[in-house]
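Please look through the sequence and the structure before reading the points below.

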Amino acid sequence: MPVITMREALNEALHLEMARDPRVIVLGEDVSGGAGGTSGQRDAAGGIFGVTKGLIHKFGEGRVIDTPISESCIIGAANGAALAGLRPVAELMFADFVGVAMDQIFNQAAKFRYMFGGKARTPLVIRMSFGAGMNCAAQHSQTIYPFMTAVPGLKVVVPSNPYDAKGLLLTAIRDDDPVVFFEHKALYSRKGEVPDGDYMIPFGEAALVREGDHATIVALGRMVPFAEKALEKLNADGITCDLIDPRTTSPLDEETILESVSNTGRLVVVDESPPRCSVASDIAAIVAQKGFRDLKAPIQIVTAPHTPVPFARELERAYVPGPAQIEAAVRKVLADG
């Protein structure tokens with residue numbers, strides 16, 4: 001099986017789906033890839049992170065559409081295209097700027113099916129990069145998926161590896177409802193085995209990354225490889241844990257999480273978001289409500305602090321949760337009960 005990066009896996013998914021379905025279009029800032037850069041050549045970069053490389057030459061300007069720097073324009077046009085029968089994949093570059101287009105997303109696209117009595121379909125995918133660790137500062141590093149998870153009518157995807165990224169993006173493009181697809185900037189170069197050709201991963205189906213007996217770790221996005229590193233140290237001391245990657249936060253695979261907690265009796269949730277109203281606090285509340293009697297110790301959450309993302313490298317390193325904090329949280333939940 002080929003080993004490729006997450007960037008290449010996402011690119012494969014876009015190529016496959018645009019070739020399979022002529023209704024799929026891609027739009028956003030610089031998706032044709034660097035025409036305005038120093039090279040002056042279209043597709044020199046393949047978009048800001050290289051994910052859309054090769055699309056413009058293969059599918060042309062009618063299906064790979066560069067837009068003005070206007071997030072509200074991108075999502076407004078994508079909403080209209082979806083209602084008119086196309087299947088747009090809109091790119092917002094940085095998730096931090098989604099606020100400019102929030103009305104088009106949470107007040108329009110998310111509600112079309114409901115408000116039109118099920119007669120309207122909005123097959124729209126909104127791709128956006130997120131996350132700290134790349135020294136991109138406070139306005140280009142946030143984790144916005146808790147905002148989107150809170151909106152009824154939206155499906156929210158947070159892949160952690162190339163295999164999942166490709167399968168989940170294919171599922172997203174074929175979905176008839178709006179999907180917000182979050183890609184961590186620090187994972188674009190992460191490599192993994194990815195099959196050639198077409199495969200889909202269902203939404204709401206978590207991955208059991210590791211199996212163990214002493215605790216359950218639920219981790220999202222970049223926190224999944226960090227949790228794997230923490231487990232390497234814990235395993236040296238004979239501590240094993242279930243590691244669950246939800247892959248989608250809406251729908252959320254509650255069943256897999258609750259079943260694991262019923263076996264281990266302990267829960268650690270790892271989320272790069274600030275703690276208040278995060279996905280970590282949401283999952284902790286679900287388990288406290290539905291799995292309280294299975295718990296042997298208080299739930300631990302590992303999150304960023306409740307502060308904007310710092311620009312200084314040293315402060316940013318301190319801001320992002322890492323393997324050491326995850327290891328400490330597991331040891332604490334074991335010490336507590």
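Which residues of the largest nonpolar core touch the most other members? The model examined here is predicted. Within it, the largest nonpolar core has 44 residues, and Met148 and Phe182 are the ones that touch the most other members. Because domain 1 (3-193) and domain 2 (207-336) both give residues to this core, it lies between them.

**Nonpolar cores**

- Not counting residues up to four places away in sequence, Phe182 touches Met148, along with Ala95, Met128, Phe130, Ile144, Tyr145, Val156, Val157, Val158 and Pro159.
- Another core, of 32 residues, lies apart from the largest one. Its members include Val31, Phe59, Leu168 and Ile173.

**Domains**

- The chain is divided into two parts, namely domain 1 (3-193) and domain 2 (207-336).
- Taken over C-alpha atoms, the centres of domain 1 and domain 2 are separated by 27 Å.
- Domain 1 supplies 26 residues to the contact between the domains, and domain 2 supplies 28 residues.

**The chain as a whole**

- Twelve helices and 14 strands are found in the chain.
- A compact globule of 337 residues would have a radius of gyration near 20 Å; the chain has 20 Å, which agrees.
- The C-alpha trace spans about 60 × 50 × 40 Å along its principal axes.
- Of the 337 residues in the chain, 56% count as buried.
- Considering contacts between residues at least 6 apart in sequence, 81% join residues at least 24 apart.

**Helix α7**

- Helix α7 comprises 13 residues (residues 162-174). At 1.5 Å a residue it should span 18 Å, and its end C-alpha atoms are 19 Å apart, which agrees.
- At the start of α7, the backbone nitrogen of Tyr163 has a side-chain oxygen of Asn161 within 3.1 Å.
- Is α7 mostly covered or mostly uncovered? The helix is mostly covered, as eleven of its 13 residues are buried.
- The buried residues of α7 include Pro162, Asp164, Ala165, Lys166, Gly167, Leu168, Leu169, Leu170, Thr171, Ala172 and Ile173. Two of these, Leu168 and Ile173, are among the members of the core of 32 residues.
- In general, an α-helix has 3.6 residues a turn, so residues three or four places apart point the same way.

Definitions and conventions:
Residues numbered from 1 in each chain as written. Predicted model: local features only at pLDDT ≥ 70, side-chain atom pairs only at ≥ 80, totals over all residues. Heavy atoms only, no water. Helix = DSSP H or I, 4+ residues; strand = E, 2+ residues; numbered from the N terminus. Expected span 1.5 Å × (residues − 1). Buried < 20%, exposed > 50% of the residue type's maximum accessible area, 1.4 Å probe, protein only. Polar contact = N/O pair within 3.5 Å; in protein donor to acceptor, adjacent residues only side chain to side chain. Core = buried A, V, L, I, M, F, W, Y, C linked by side-chain atoms within 4.5 Å. Domains from an automatic or database assignment. Contact = heavy atoms within 4.5 Å. Rg over C-alpha atoms; globule rule 2.2 N^0.38 Å.
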